2 protein chains.
Amino acid sequence: MAAARSGSQDLPALELVPRETMAERVYIQLREAIMTGRFAPGQTLTLRGVAEAVGSSTMPVRGALTRLQAEGALVDGPGRGLMVPPMTLEILDELRDGRIALEGCIAKRAATRMTKADLTALQRVFDRMDARARAGDVAGYLRGNFEFHQAIYAHGCSEVMMGTIQNLWMRIGPFLNLVAPDLAHIAHSMEAHKQIFDALRRGDGEAARAGIERDLGDAADDIKARLLNREAANMEQPETA
Amino acid sequence: MAAARSGSQDLPALELVPRETMAERVYIQLREAIMTGRFAPGQTLTLRGVAEAVGSSTMPVRGALTRLQAEGALVDGPGRGLMVPPMTLEILDELRDGRIALEGCIAKRAATRMTKADLTALQRVFDRMDARARAGDVAGYLRGNFEFHQAIYAHGCSEVMMGTIQNLWMRIGPFLNLVAPDLAHIAHSMEAHKQIFDALRRGDGEAARAGIERDLGDAADDIKARLLNREAANMEQPETA
DNA sequence: ATTGGTGATTCGTGATCACACATTCAGATT
DNA sequence: AATCTGAATGTGTGATCACGAATCACCAAT
């Protein structure tokens, strides 16, 4: 046993086996579903319901749900159970301003810290996202978008602020199924991404911050327009099957 | 039962009785302790240990600890159990920049939204904090400082971003026992608070943001200086009882 | 004296159970 | 016809137990 820790016994290179707990697996699965907008806003989750769905007892689910609630990804529902937060214009506005402030700040920091190697790595992420966008692969574009921003912020901060940023990303999850199928927005968005990438290559922090502001601002505008359209549609035929 | 919900029965104004769960009480107590720096950074907490300390089974403690871990107030410790995050200069720097960006943004928003009534209410909070600062009441000043910032942000955002801000406040908790006893810093800090308050009264958002930047920046500088002093002291006599 | 193995102890994880409470709907009462 | 009452159902909360894993203390052997 001690041999595994000493390391002076020149063993062949072994990977360390992941020690995932069951509650963690449930959490990751739920988190993924929320972040990609696979839950309907307002949908409620029950302990026993989720437990049956994932095939475990209620115990790991309890841990996963309290964690998601603590992160604000789930809120108290009507009566019993937890609820995927409903979408409101007010929250969207707040998320927009907060994310621009925070992520803009981090991107600015990253601009002065990225090495040439970091930039070529980022180039690959950018190219992959660009290819998917041109091919009309919406889901792939969303994944690439996530990776692109993530790769930038990783150089502007460490775990603490990264956790905060990821938390905000999780909170726009419920809005995300509104923007997903929009190809026009995606093409538009790639321009902002190019602006960000060029700024980082020049080491121009302020331009990078401005690019982030443009990117997140455009996305929020797009979501807001679709939300308003939906509300207008609901006004016309308020009750329908 | 239905009567309580209908509300059309003109009952006398009754407060709704808080439905606190046991896990929530444990959480609140631990959170309070962390935010005010009553735990030593690096200290580890065990399920059974906390359960015995608060006089409950391990069950509510489990919920409270996973929640605190989700919020980043506790991290995985060495071996078993959770740990109060240790203090590092890197984290302090990140927290500083992130808080300035986020809280500055929210204060700017608040400047254009506060009514005269809001401002007179804020005046009272300010005066109370000022009185405590002059009297040398350190603990009272810290409470007042918290209330002052909180009162401002309440007008610049709602729950979502407020939760994020409170989360960042909780994360500087472990650093806080370093700044607490410093009277010189407190007097210095009140100047920044006055600058913030005046800016809000003029509706000058940019000046309010600058005031926040000054306030948080000064506090971070102060903590950093003390951290460096401590490290230097530990260098001289690394092992001692 | 240092290393390596062994046992006891402690801890987190997850399962199962008991309990309190909220919601719903059916039937009785006014 | 409207309202109250009651049981049935489903839910979160908390206690207790079982199991596996990790840490520590102790002892033996080199």
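Two strands are said to pair if DSSP finds at least two bridges between them. This criterion was applied to a predicted model. In chain B, strand E1 and strand E3 (residues 82-83) meet it, pairing in the antiparallel sense over two bridges. One residue pair can be named. Leu45(B) has Leu82(B), in E3(B), as its bridge partner.

In chain B, three strands form an open sheet, and their order is E1-E3-E2. The pairing is antiparallel. Strand E1 (44-45) and strand E2 (75-76) of chain B stand at the edges. Each has a single partner strand, so one side of each is left without a neighbour in the sheet.

Chain A was examined in turn. Its three strands also form an open sheet, with the order E1-E3-E2 and antiparallel pairing. The edge positions are held by strand E1 (44-45) and strand E2 (75-76) of chain A. Each of these has a single partner strand, and therefore one side of each lacks a neighbour in the sheet. E1(A) and strand E3 (residues 82-83) of chain A are joined by two bridges in the antiparallel sense.

The relation between the two chains was then considered. Chain B is superposed on chain A by a rotation of 180°, with 0.0 Å of shift along the axis. The RMSD of this superposition is 0.1 Å. That is the relation of a two-fold axis.

The chains also touch. The contact involves 24 residues of chain B and 24 residues of chain A. On the side of chain B, the elements that give two or more residues are helix H4 (58-70), helix H5 (89-111) and helix H8 (159-171). H5(B) supplies the largest share, ten residues. By class, this side of chain B has nine nonpolar, eight polar and seven charged residues. Of the interface residues of chain B, 100% are also interface residues in chain A, so the copies meet through the same surface.

Within chain A, the domain assignment gives domain 1 (16-83) and domain 2 (89-236). Their centres, taken over C-alpha atoms, are separated by 26 Å. The contact between them takes nine residues from domain 1 of chain A and nine residues from domain 2 of chain A. On the domain 1 side, the touching residues divide into four nonpolar, three polar and two charged.

An unreviewed UniProt entry carries the annotation "domain: HTH gntR-type" over residues 20-87 of chain A. Over residues 20-87, chain A is 51% helix and 9% strand. The end C-alpha atoms of that stretch are 33 Å apart.

DNA strand C is surrounded by 17 residues. The closest are Met22(A), Ala23(A), Ser57(A), Gly79(A) and Leu47(B). The largest share, four residues, comes from H4(A). The residues of the surface near DNA strand C comprise six nonpolar, nine polar and two charged.

Definitions and conventions. Residues numbered from 1 in each chain as written. Chains lettered and ligands numbered in written order. Predicted model: local features only at pLDDT ≥ 70, side-chain atom pairs only at ≥ 80, totals over all residues. Near = placed C-beta within 6 Å. Nonpolar A, V, L, I, M, F, W, Y, C, P; charged D, E, K, R; others polar. Contact = placed C-beta atoms within 7 Å. Domains from an automatic or database assignment. UniProt positions renumbered as here; feature names shortened; annotations may be inferred. Least-squares fit on C-alpha atoms with pLDDT ≥ 70 in both.
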